[in-house]
Structure formats: C-alpha cells, structure tokens
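Q: Please take a close look at the strand pairing in this model and at the side chains around it. How far can the details be trusted?

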Amino acid sequence: MSSSSSPAIEPDTPDLICQLDNVQGMVDALTCVRWKRHQDALVELSEHGIVLIVEESGCLQAKVYLQRELFTKYEYGAQGRPRFGISLGLLVDCLNTFSSPGHSNTIEIKYPGPDMELLLKSVDTLNACIYSEIRTRIPETVTWDYNFEQAGSAPLTFTVKSAALKEAIDDLEWPGSSVQISLQKEPPCVIFRGEGHGDLQIDFMYYANTDLLLAFHCDTEVSYGYKYKFLKATTANIPGNVVRENRGSKLTIGRGGMLKVQHLVSVAKALAPQVESAGYQPPSRIAYIEFFVKPEEPAN
C-alpha cells in the first residue's frame with residue numbers, strides 16, 4: 001500500500017467522526033425506543049447531529065435526537081444528509097460493551113468504514129482498546145410522513161411526571177386493547193380510559209396535583225382512542241434510572257388525533273463531587289426522544 005501523500009489516492013474523508021464521553025446516556029436514549037427484540041432503525045446524519053428513527057405498522061414512529069452539542073467532538077464532512085439502516089438491538093448491545101458501571105467511557109463513532117460500516121472505538125482506556133464494526137444497509141423503506149400539525153390555534157398539550165405516566169399506562173393493560181385519551185377544560189384534567197375486559201379510568205386533575213401534572217393547555221376539548229400496544233411502547237422501555245430522574249414527559253395531541261409523546265434523557269457526563277466549580281453549571285446535555293402514535297379509526 002503506497003504511503004504517498006498524493007491527494008488522488010488519499011482515503012475519502014469520513015462523513016462523520018464524533019466522540020461521546022457518556023456511553024450509558026446514549027444507551028439509555030436508544031433503549032427508550034427499543035420495543036422489540038429484532039428492530040431495524042434508520043440513522044440520518046447532519047451537521048446538526050444524529051437522528052435515529054424506528055417505526056412499526058405505519059402507526060407508531062419514534063425518533064431519538066442526538067444533537068451535536070452532546071458530543072465532545074463532532075466533525076461532519078458529508079454533503080447532504082447520509083442515511084443508513086442498522087439493527088437497533090445490535091447497536092445497543094455493542095454500545096453496552098463500551099459502558100462500565102461507575103465509568104463514563106469515551107467512545108469515537110465513525111461513518112462510513114471501508115465497507116460502509118459504522119465504527120465504534122474506545123479512546124480513553126489505558127490498558128485495552130475496544131473496537132466494533134457494525135454492518136449497515138441501504139434503507140429498504142422511506143419512513144412514513146407523520147405530518148404533525150397543531151389541532152387548533154394553540155397546542156393541546158400536557159406535561160406529566162414520567163414515572164406517573166408509565167405507571168398509568170401499565171395499569172391500563174388490564175381492560176383491553178384500546179385506550180381513550182381525553183382533554184377536558186372544566187375542570188382542567190386529562191383522562192385515560194381503558195375499555196375491554198373491564199373499564200378503568202385514570203384522571204390527572206391539573207389544579208389538584210401539580211406535582212404530577214406539571215403543565216396543561218387545552219382550549220378545545222378532544223378525545224381520541226389509541227391501540228394499547230402502541231401507547232405502551234412510548235413508556236415501556238424507559239430505563240429505570242431515567243424514570244427515577246422523573247423528568248416531565250410532554251404529550252401533545254395534533255390535528256386528526258396524532259399523539260406526540262416527548263421524553264428527555266440526560267447524556268451529561270457524571271462529575272466527581274470534588275470537581276464542582278464555583279457556581280458554574282454547564283449547559284444541559286439532553287437527548288430528545290419523540291414518539292408519534294396514530295389514533296384508531298373511529299368505529300362506524
């Protein structure tokens with residue numbers, strides 16, 4: 001192999017080389033959207049960051065936004081926005097090998113490799129280097145256009161503690177396969193109602209418990225039904241440590257009943273107590289998770 005520095009035979013510049021100092025944070029974010037064992041994902045790269053998209057049955061879509069600010073290094077050299085398919089389970093399992101309990105190992109992510117692989121490499125280990133190549137593929141399908149729009153002049157939205165939302169949806173599994181979500185103006189509340197083998201209704205009253213229902217906005221009363229298995233996927237796989245953080249999860253009902261569920265996952269590197277700087281707080285490093293759930297067709 002020639003070592004000549006002639007530009008004509010130098011290897012192409014990768015589309016992306018980036019480094020992340022909290023692998024576990026990335027694992028947590030991707031685990032949120034891993035609702036079954038074998039799951040394909042579409043990855044899109046841009047100068048703004050990395051977006052990973054998974055979907056099922058044209059009725060459920062999830063997106064993980066890893067903005068460039070989350071990375072300690074982000075060198076983007078592509079024209080346009082490269083996209084590739086990858087096994088989500090394989091990606092999460094590989095990332096887990098780089099994450100040791102109690103340590104925030106730094107990894108380097110590079111795309112593409114010589115055969116269009118996604119390359120992962122540890123860069124801060126003293127005695128060993130972990131290296132992984134993950135085969136990618138040309139995406140077989142184009143993701144569906146969820147076309148989320150506000151239902152009216154103002155958004156129909158509420159924010160509830162993540163743990164409370166997960167518990168409510170878990171409880172609704174007993175009645176059956178469908179869950180009705182209603183927003184009511186007076187008194188202001190959100191109603192989850194499951195019907196099937198029995199009936200179960202869970203009310204989040206806005207003024208009665210602002211510790212659970214953190215925000216509420218409704219200028220038009222609405223009610224839509226959603227398949228339970230799709231609604232459950234929006235919370236079922238949130239890692240326990242993320243639920244314990246108990247950030248707010250934001251739900252918005254758009255035009256035609258499209259439901260958007262948003263979670264926030266910290267990807268900040270844990271700082272040792274003695275490293276606290278006097279009064280300075282670094283910018284928040286948050287991965288954004290979005291689910292889009294299509295409503296059930298109303299019965300004739």
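A: One cut-off comes first: a residue is buried when its relative accessible area is under 20%, exposed when over 50%, and partly exposed in between. Cys-18 has 0% relative accessibility, so Cys-18 counts as buried. Cys-59 stands at 26% and is therefore partly exposed. A search of the whole structure turns up 0 disulfides.

This is a predicted model. Confidence therefore needs a word before the details. The mean pLDDT of the protein is 85, and 86% of the residues reach at least 70. Among the elements, β5 has the highest mean pLDDT, at 96. Helix α5, residues 240–245, has the lowest, at 86. Over residues 1–10 the pLDDT is below 50, and this stretch makes 3 contacts beyond near neighbours in sequence. Residues 272–281 also stay under 50. For them the model has 0 contacts beyond four places in sequence. Where pLDDT is low, predicted coordinates should not be read in detail.

Now the sheet. Five strands form an open sheet in the order β5-β1-β7-β8-β9. Their pairing is antiparallel. Strands β5 (73–76) and β9 (131–134) are the edges, each pairing on one side only. From one strand to the next, the twist averages 15 degrees.

Side chains of opposite charge can pair when their charged atoms come close. Asp-93 and Arg-34 meet in a salt bridge, with N to O at 3.5 Å. The pair spans distant parts of the chain: Asp-93 belongs to α2, while Arg-34 sits in the loop between α1 (23–31) and β2 (40–46), 59 residues apart. Asp-93 has 41% relative accessibility, so Asp-93 is partly exposed. Arg-34 has 24%, and is therefore partly exposed.

Strand β2 takes part in another bridge. Arg-83 and Glu-44 form a salt bridge whose closest N and O atoms are 3.1 Å apart. Arg-83 lies in β6 (residues 83–87) and Glu-44 in β2, so this bridge ties together parts 39 residues apart in sequence. Glu-44 is buried because 18% is under 20%.

At 49% relative accessible area, Asp-199 counts as partly exposed. Arg-193, at 27%, is partly exposed. Elsewhere, salt bridges that share partners join Lys-166, Asp-170, Glu-173 and Lys-232 into one network. The structure holds 15 salt bridges.

Terms used:
Residues numbered from 1 in each chain as written. Predicted model: local features only at pLDDT ≥ 70, side-chain atom pairs only at ≥ 80, totals over all residues. Heavy atoms only, no water. Pairing = 2+ DSSP bridges. Helix = DSSP H or I, 4+ residues; strand = E, 2+ residues; numbered from the N terminus. Axes fitted to C-alpha atoms, helices over the stretch in contact; angles between N-to-C directions. pLDDT = per-residue confidence, 0-100. Contact = heavy atoms within 4.5 Å. Disulfide = S-S within 2.5 Å. Buried < 20%, exposed > 50% of the residue type's maximum accessible area, 1.4 Å probe, protein only. Salt bridge = Lys/Arg side-chain N within 4 Å of Asp/Glu carboxyl O.
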